[in-house]
Amino acid sequence: MPMFPTTIAGSLPKPAWLAEPNRLWAPWRVAGEALDDAKRDATLLALKLQEDAGIDVVTDGEQSRQHFVHGFLEFVEGIDFARKVEIGIRADRYKAMVPTVTSALRLRGRVHAGEAQLARAHTGRKLKLTLPGPMTIIDTIADTHYGDRVKMAFAFADLLNAEARALAADGVDVIQFDEPAFNVYMREVGEWGIEALHRAIAGVTCTTAVHICYGYGIKANIDWKATLGSEWRQYEEIFPALAKSRIDQISVECRNSRVPVSLLKLLDGKDVQVGVIDVASDEIETPEQVAAVIAEATKYVAKDKIIAGTNCGMAPMRWDIAYAKLAALGKGAELARKKLG
(Lines give C-alpha, C1' and ligand atoms only; values in the text may rest on other atoms or scores of the structure.)
Protein backbone atom coordinates (compact mmCIF):
# COMPACT_ATOMS: atom_id res chain seq x y z
CA MET A 1 0.00 0.00 0.00
CA PRO A 2 1.27 3.51 -0.75
CA MET A 3 1.61 6.22 1.84
CA PHE A 4 -1.79 7.89 2.44
CA PRO A 5 -3.83 5.07 0.85
CA THR A 6 -7.27 6.15 -0.31
CA THR A 7 -10.75 4.79 0.38
CA ILE A 8 -14.35 6.01 0.66
CA ALA A 9 -16.71 5.90 3.60
CA GLY A 10 -18.71 3.25 1.77
CA SER A 11 -21.61 4.34 -0.40
CA LEU A 12 -21.71 5.84 -3.88
CA PRO A 13 -24.70 7.17 -5.84
CA LYS A 14 -26.73 4.57 -7.67
CA PRO A 15 -27.08 4.77 -11.46
CA ALA A 16 -30.40 6.22 -12.60
CA TRP A 17 -31.39 2.87 -14.10
CA LEU A 18 -31.16 1.22 -10.66
CA ALA A 19 -32.79 3.80 -8.35
CA GLU A 20 -33.88 7.42 -8.37
CA PRO A 21 -30.80 9.65 -8.12
CA ASN A 22 -30.07 12.21 -5.39
CA ARG A 23 -32.39 10.58 -2.87
CA LEU A 24 -32.02 8.54 0.28
CA TRP A 25 -34.28 5.47 0.60
CA ALA A 26 -34.86 5.62 -3.16
CA PRO A 27 -37.08 2.73 -4.39
CA TRP A 28 -35.67 0.31 -6.94
CA ARG A 29 -36.65 0.96 -10.54
CA VAL A 30 -36.67 -2.72 -11.52
CA ALA A 31 -37.65 -5.94 -9.78
CA GLY A 32 -37.03 -9.68 -9.70
CA GLU A 33 -34.13 -11.05 -11.73
CA ALA A 34 -33.74 -7.70 -13.47
CA LEU A 35 -33.03 -6.11 -10.08
CA ASP A 36 -30.38 -8.71 -9.29
CA ASP A 37 -28.74 -8.02 -12.66
CA ALA A 38 -28.94 -4.25 -12.14
CA LYS A 39 -27.36 -4.45 -8.68
CA ARG A 40 -24.55 -6.60 -10.08
CA ASP A 41 -23.87 -4.22 -12.94
CA ALA A 42 -23.94 -1.19 -10.63
CA THR A 43 -21.46 -2.88 -8.28
CA LEU A 44 -19.05 -3.66 -11.10
CA LEU A 45 -19.34 -0.07 -12.37
CA ALA A 46 -18.64 1.30 -8.88
CA LEU A 47 -15.51 -0.86 -8.59
CA LYS A 48 -14.23 0.19 -12.02
CA LEU A 49 -14.73 3.89 -11.39
CA GLN A 50 -13.01 3.71 -8.01
CA GLU A 51 -10.05 1.94 -9.59
CA ASP A 52 -9.92 4.52 -12.39
CA ALA A 53 -9.82 7.28 -9.76
CA GLY A 54 -6.86 5.67 -8.02
CA ILE A 55 -8.73 4.48 -4.94
CA ASP A 56 -6.60 1.91 -3.11
CA VAL A 57 -9.19 0.29 -0.83
CA VAL A 58 -12.39 -0.05 -2.83
CA THR A 59 -15.95 -0.87 -1.77
CA ASP A 60 -19.03 -2.26 -3.47
CA GLY A 61 -20.50 1.26 -3.27
CA GLU A 62 -23.42 -0.21 -1.29
CA GLN A 63 -25.20 -0.59 -4.63
CA SER A 64 -27.33 -3.48 -3.39
CA ARG A 65 -28.81 -1.60 -0.41
CA GLN A 66 -31.55 0.99 -0.31
CA HIS A 67 -30.20 2.26 3.01
CA PHE A 68 -27.03 1.54 4.96
CA VAL A 69 -28.95 0.24 8.00
CA HIS A 70 -32.03 -1.33 6.46
CA GLY A 71 -29.94 -3.17 3.86
CA PHE A 72 -28.83 -5.34 6.79
CA LEU A 73 -32.18 -5.45 8.58
CA GLU A 74 -33.91 -6.99 5.56
CA PHE A 75 -32.08 -10.24 6.29
CA VAL A 76 -33.05 -10.42 9.97
CA GLU A 77 -35.93 -12.47 11.35
CA GLY A 78 -37.90 -10.87 14.15
CA ILE A 79 -38.38 -7.57 12.32
CA ASP A 80 -41.78 -6.63 10.89
CA PHE A 81 -41.34 -4.35 7.87
CA ALA A 82 -45.12 -4.13 7.46
CA ARG A 83 -45.33 -2.59 10.91
CA LYS A 84 -43.59 0.70 10.29
CA VAL A 85 -43.82 3.61 12.67
CA GLU A 86 -42.42 7.12 12.61
CA ILE A 87 -39.73 7.81 15.18
CA GLY A 88 -37.21 10.53 15.83
CA ILE A 89 -33.71 9.26 15.20
CA ARG A 90 -30.31 10.69 16.19
CA ALA A 91 -31.91 12.27 19.27
CA ASP A 92 -34.88 13.52 17.23
CA ARG A 93 -32.69 15.29 14.66
CA TYR A 94 -35.12 14.05 12.04
CA LYS A 95 -38.06 11.70 11.62
CA ALA A 96 -38.06 8.41 9.75
CA MET A 97 -40.48 5.57 9.09
CA VAL A 98 -38.85 2.46 10.51
CA PRO A 99 -39.78 -1.22 10.94
CA THR A 100 -40.41 -2.81 14.33
CA VAL A 101 -38.62 -5.56 16.24
CA THR A 102 -41.41 -7.92 17.28
CA SER A 103 -39.58 -11.10 18.35
CA ALA A 104 -36.10 -12.53 19.00
CA LEU A 105 -33.59 -11.57 16.33
CA ARG A 106 -32.01 -14.17 14.02
CA LEU A 107 -30.24 -14.00 10.69
CA ARG A 108 -32.07 -15.69 7.81
CA GLY A 109 -28.70 -16.50 6.29
CA ARG A 110 -25.86 -14.55 4.74
CA VAL A 111 -26.47 -10.82 4.24
CA HIS A 112 -23.79 -9.46 1.93
CA ALA A 113 -22.23 -12.64 0.55
CA GLY A 114 -23.31 -11.87 -3.01
CA GLU A 115 -21.81 -8.40 -3.24
CA ALA A 116 -18.68 -9.35 -1.28
CA GLN A 117 -17.93 -12.36 -3.45
CA LEU A 118 -18.72 -10.45 -6.64
CA ALA A 119 -16.46 -7.57 -5.66
CA ARG A 120 -13.67 -9.89 -4.52
CA ALA A 121 -13.77 -11.71 -7.87
CA HIS A 122 -13.53 -8.49 -9.88
CA THR A 123 -10.90 -6.40 -8.15
CA GLY A 124 -7.32 -7.09 -7.21
CA ARG A 125 -7.30 -4.17 -4.79
CA LYS A 126 -7.96 -4.19 -1.09
CA LEU A 127 -11.69 -4.54 -0.50
CA LYS A 128 -13.74 -2.91 2.26
CA LEU A 129 -17.34 -3.73 3.11
CA THR A 130 -19.50 -1.77 5.51
CA LEU A 131 -22.00 -2.84 8.14
CA PRO A 132 -24.18 -0.66 10.38
CA GLY A 133 -23.00 -0.49 13.97
CA PRO A 134 -25.17 -1.80 16.85
CA MET A 135 -25.87 1.62 18.37
CA THR A 136 -26.89 3.12 15.04
CA ILE A 137 -29.14 0.15 14.27
CA ILE A 138 -31.12 0.44 17.49
CA ASP A 139 -31.45 4.19 16.88
CA THR A 140 -33.02 3.43 13.49
CA ILE A 141 -35.63 0.85 14.45
CA ALA A 142 -38.66 0.53 16.74
CA ASP A 143 -38.94 -2.17 19.43
CA THR A 144 -41.86 -4.03 20.98
CA HIS A 145 -39.90 -7.13 22.05
CA TYR A 146 -36.70 -6.47 23.99
CA GLY A 147 -37.81 -3.43 25.98
CA ASP A 148 -34.16 -2.56 26.59
CA ARG A 149 -32.01 -0.66 24.08
CA VAL A 150 -28.73 -2.12 25.31
CA LYS A 151 -30.00 -5.70 25.28
CA MET A 152 -31.26 -5.20 21.74
CA ALA A 153 -27.97 -3.61 20.66
CA PHE A 154 -26.00 -6.65 21.84
CA ALA A 155 -28.45 -8.96 20.09
CA PHE A 156 -27.72 -7.10 16.87
CA ALA A 157 -23.98 -7.20 17.65
CA ASP A 158 -24.14 -11.00 17.67
CA LEU A 159 -25.78 -11.01 14.24
CA LEU A 160 -23.24 -8.52 12.91
CA ASN A 161 -20.45 -10.71 14.23
CA ALA A 162 -21.72 -13.73 12.32
CA GLU A 163 -21.82 -11.75 9.08
CA ALA A 164 -18.47 -10.06 9.73
CA ARG A 165 -16.73 -13.40 10.27
CA ALA A 166 -18.23 -14.69 7.03
CA LEU A 167 -17.17 -11.57 5.13
CA ALA A 168 -13.61 -12.04 6.29
CA ALA A 169 -13.79 -15.61 4.98
CA ASP A 170 -15.06 -14.20 1.66
CA GLY A 171 -11.75 -12.34 1.33
CA VAL A 172 -12.84 -8.90 2.51
CA ASP A 173 -9.81 -6.98 3.79
CA VAL A 174 -11.54 -4.31 5.88
CA ILE A 175 -14.92 -4.45 7.62
CA GLN A 176 -16.17 -1.04 8.69
CA PHE A 177 -19.01 -0.48 11.13
CA ASP A 178 -20.90 2.77 10.55
CA GLU A 179 -21.78 4.49 13.83
CA PRO A 180 -23.05 8.03 13.21
CA ALA A 181 -24.94 7.64 16.49
CA PHE A 182 -21.58 7.85 18.27
CA ASN A 183 -21.59 11.64 18.07
CA VAL A 184 -25.11 11.88 19.48
CA TYR A 185 -25.01 9.54 22.48
CA MET A 186 -21.49 10.21 23.76
CA ARG A 187 -22.10 8.89 27.28
CA GLU A 188 -23.49 5.61 25.96
CA VAL A 189 -20.45 5.17 23.70
CA GLY A 190 -18.26 4.70 26.75
CA GLU A 191 -20.85 2.82 28.77
CA TRP A 192 -21.70 0.14 26.21
CA GLY A 193 -21.29 1.32 22.60
CA ILE A 194 -17.66 0.31 22.19
CA GLU A 195 -18.25 -2.95 24.02
CA ALA A 196 -21.06 -3.72 21.55
CA LEU A 197 -18.56 -3.13 18.73
CA HIS A 198 -16.13 -5.49 20.46
CA ARG A 199 -18.89 -8.12 20.45
CA ALA A 200 -19.40 -7.48 16.72
CA ILE A 201 -15.70 -7.93 15.85
CA ALA A 202 -14.96 -10.91 18.12
CA GLY A 203 -12.95 -13.47 16.16
CA VAL A 204 -12.94 -11.39 12.96
CA THR A 205 -9.64 -12.01 11.20
CA CYS A 206 -9.44 -8.97 8.90
CA THR A 207 -8.93 -5.27 9.64
CA THR A 208 -11.82 -3.59 11.46
CA ALA A 209 -12.89 0.05 11.33
CA VAL A 210 -15.57 2.32 12.73
CA HIS A 211 -16.91 5.31 10.85
CA ILE A 212 -18.34 8.15 12.92
CA CYS A 213 -19.64 11.32 11.36
CA TYR A 214 -22.12 14.17 11.42
CA GLY A 215 -24.19 12.59 8.68
CA TYR A 216 -25.02 12.82 5.01
CA GLY A 217 -25.23 16.16 3.25
CA ILE A 218 -29.01 16.31 3.61
CA LYS A 219 -30.98 19.31 4.86
CA ALA A 220 -31.78 17.89 8.32
CA ASN A 221 -28.09 17.30 9.01
CA ILE A 222 -26.95 20.62 7.56
CA ASP A 223 -29.52 22.48 9.68
CA TRP A 224 -28.42 20.57 12.79
CA LYS A 225 -24.75 21.28 12.19
CA ALA A 226 -25.53 25.00 11.97
CA THR A 227 -26.56 24.84 15.65
CA LEU A 228 -23.31 23.30 16.90
CA GLY A 229 -21.21 26.44 17.08
CA SER A 230 -17.81 27.31 15.66
CA GLU A 231 -16.12 24.13 16.95
CA TRP A 232 -17.52 20.61 17.00
CA ARG A 233 -15.88 18.99 20.02
CA GLN A 234 -18.20 16.04 20.59
CA TYR A 235 -15.39 13.66 19.63
CA GLU A 236 -13.19 14.94 22.45
CA GLU A 237 -15.34 12.85 24.77
CA ILE A 238 -15.19 9.59 22.83
CA PHE A 239 -11.80 9.57 21.05
CA PRO A 240 -9.84 8.47 24.15
CA ALA A 241 -12.16 5.48 24.58
CA LEU A 242 -11.86 4.61 20.88
CA ALA A 243 -8.06 4.84 21.15
CA LYS A 244 -8.19 2.16 23.86
CA SER A 245 -10.59 -0.03 21.88
CA ARG A 246 -9.79 -3.12 19.81
CA ILE A 247 -10.99 -1.43 16.60
CA ASP A 248 -8.09 -0.98 14.14
CA GLN A 249 -9.19 2.13 12.23
CA ILE A 250 -11.26 5.22 13.03
CA SER A 251 -12.93 7.16 10.20
CA VAL A 252 -13.72 10.84 10.82
CA GLU A 253 -14.60 13.86 8.68
CA CYS A 254 -12.10 16.71 8.38
CA ARG A 255 -12.73 18.58 5.10
CA ASN A 256 -14.90 21.68 5.71
CA SER A 257 -15.61 20.25 9.16
CA ARG A 258 -15.60 22.20 12.38
CA VAL A 259 -14.05 19.25 14.17
CA PRO A 260 -10.65 20.59 15.32
CA VAL A 261 -8.06 18.51 13.50
CA SER A 262 -5.96 18.63 16.68
CA LEU A 263 -8.44 16.20 18.27
CA LEU A 264 -6.98 13.47 16.06
CA LYS A 265 -4.03 13.26 18.44
CA LEU A 266 -6.45 11.64 20.91
CA LEU A 267 -6.54 8.63 18.56
CA ASP A 268 -2.85 7.92 19.03
CA GLY A 269 -1.97 4.39 17.95
CA LYS A 270 -4.94 3.96 15.60
CA ASP A 271 -5.03 4.14 11.82
CA VAL A 272 -7.18 7.16 11.00
CA GLN A 273 -9.34 7.48 7.91
CA VAL A 274 -9.11 11.25 7.47
CA GLY A 275 -12.09 12.66 5.60
CA VAL A 276 -10.63 14.93 2.91
CA ILE A 277 -13.72 15.10 0.67
CA ASP A 278 -16.81 17.09 1.72
CA VAL A 279 -20.01 15.18 0.91
CA ALA A 280 -22.27 18.06 1.99
CA SER A 281 -21.14 20.31 -0.88
CA ASP A 282 -21.25 19.98 -4.66
CA GLU A 283 -18.00 21.88 -4.97
CA ILE A 284 -15.29 19.64 -6.41
CA GLU A 285 -12.13 19.67 -4.31
CA THR A 286 -8.83 20.35 -6.03
CA PRO A 287 -5.91 17.98 -5.49
CA GLU A 288 -4.19 20.82 -3.66
CA GLN A 289 -7.08 21.15 -1.20
CA VAL A 290 -7.08 17.41 -0.55
CA ALA A 291 -3.32 17.40 0.00
CA ALA A 292 -3.65 20.36 2.38
CA VAL A 293 -6.07 18.45 4.66
CA ILE A 294 -3.72 15.47 4.67
CA ALA A 295 -0.81 17.77 5.53
CA GLU A 296 -2.75 19.25 8.44
CA ALA A 297 -3.56 15.78 9.73
CA THR A 298 0.14 14.81 9.73
CA LYS A 299 0.66 17.33 12.53
CA TYR A 300 -1.32 15.06 14.85
CA VAL A 301 -1.25 11.58 13.27
CA ALA A 302 1.81 9.64 12.11
CA LYS A 303 2.06 9.59 8.32
CA ASP A 304 1.95 5.81 8.16
CA LYS A 305 -1.31 5.86 10.14
CA ILE A 306 -3.23 8.16 7.76
CA ILE A 307 -5.76 6.89 5.23
CA ALA A 308 -7.35 9.52 2.98
CA GLY A 309 -11.11 9.14 2.60
CA THR A 310 -14.46 10.86 2.28
CA ASN A 311 -16.27 12.56 5.14
CA CYS A 312 -19.29 10.28 4.85
CA GLY A 313 -21.23 8.23 2.33
CA MET A 314 -21.97 9.69 -1.08
CA ALA A 315 -25.27 7.88 -1.74
CA PRO A 316 -27.52 10.98 -2.02
CA MET A 317 -25.10 12.97 -4.21
CA ARG A 318 -25.28 13.64 -7.92
CA TRP A 319 -23.50 10.85 -9.76
CA ASP A 320 -21.20 13.12 -11.81
CA ILE A 321 -20.18 15.17 -8.76
CA ALA A 322 -19.44 12.09 -6.67
CA TYR A 323 -17.11 10.61 -9.24
CA ALA A 324 -15.37 13.94 -9.83
CA LYS A 325 -14.73 14.01 -6.09
CA LEU A 326 -13.33 10.48 -6.29
CA ALA A 327 -10.85 11.66 -8.91
CA ALA A 328 -9.86 14.58 -6.67
CA LEU A 329 -9.31 12.16 -3.79
CA GLY A 330 -6.97 9.99 -5.82
CA LYS A 331 -5.01 12.91 -7.28
CA GLY A 332 -4.85 14.74 -3.97
CA ALA A 333 -3.39 11.74 -2.15
CA GLU A 334 -0.83 11.32 -4.91
CA LEU A 335 0.13 14.98 -4.57
CA ALA A 336 0.43 14.61 -0.79
CA ARG A 337 2.80 11.67 -1.25
CA LYS A 338 5.05 13.78 -3.44
CA LYS A 339 5.02 16.71 -1.01
CA LEU A 340 5.16 14.83 2.28
CA GLY A 341 6.68 11.44 1.47
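So, to start: what share of the contacts in the protein chain, counting those with a separation of 6 or more, comes from residues 24 or more positions apart? It's 76%. Keep in mind that this is a predicted model.

Okay, the overall picture. The protein chain has ten helices and ten strands. Its C-alpha trace spans about 55 × 45 × 40 Å along the principal axes. For 341 residues, you'd expect a compact globule to have a radius of gyration near 20 Å, and this chain comes in at 19 Å, so the two agree.

Now the inside. Buried residues, meaning those under 20% relative accessible area, make up 58% of the 341 in the chain. In soluble globular proteins, nonpolar side chains tend to be buried together. Here, the largest nonpolar core holds 100 residues, and the ones touching the most other members are Leu105, Phe156, Phe239, Leu242 and Leu264. Helix α5, residues 149-169, gives this core its largest share, with eleven residues.

Which residues does Leu242 touch, if we skip anything up to four places away in sequence? You get Phe182, Ile194, Val210, Ile212, Ile250, Leu267 and, also on that list, Lys270.

Terms used. Residues are numbered from 1 along each chain as its sequence is written. This is a predicted model: local features need pLDDT of at least 70, side-chain atom pairs count only at pLDDT 80 or more; totals for chains, interfaces and linings use all residues. Side-chain values use heavy atoms; hydrogens and water are left out. Helices (H or I, at least four residues) and strands (E, at least two) are DSSP runs, numbered from the N terminus. The radius of gyration is taken over C-alpha atoms; the globule rule is 2.2 Å times the number of residues to the power 0.38. Buried means under 20% relative accessible area, exposed over 50%, partly exposed in between (1.4 Å probe, protein chains only). Contact means heavy atoms within 4.5 Å. A nonpolar core is a set of buried Ala, Val, Leu, Ile, Met, Phe, Trp, Tyr and Cys residues joined through side-chain atoms within 4.5 Å.
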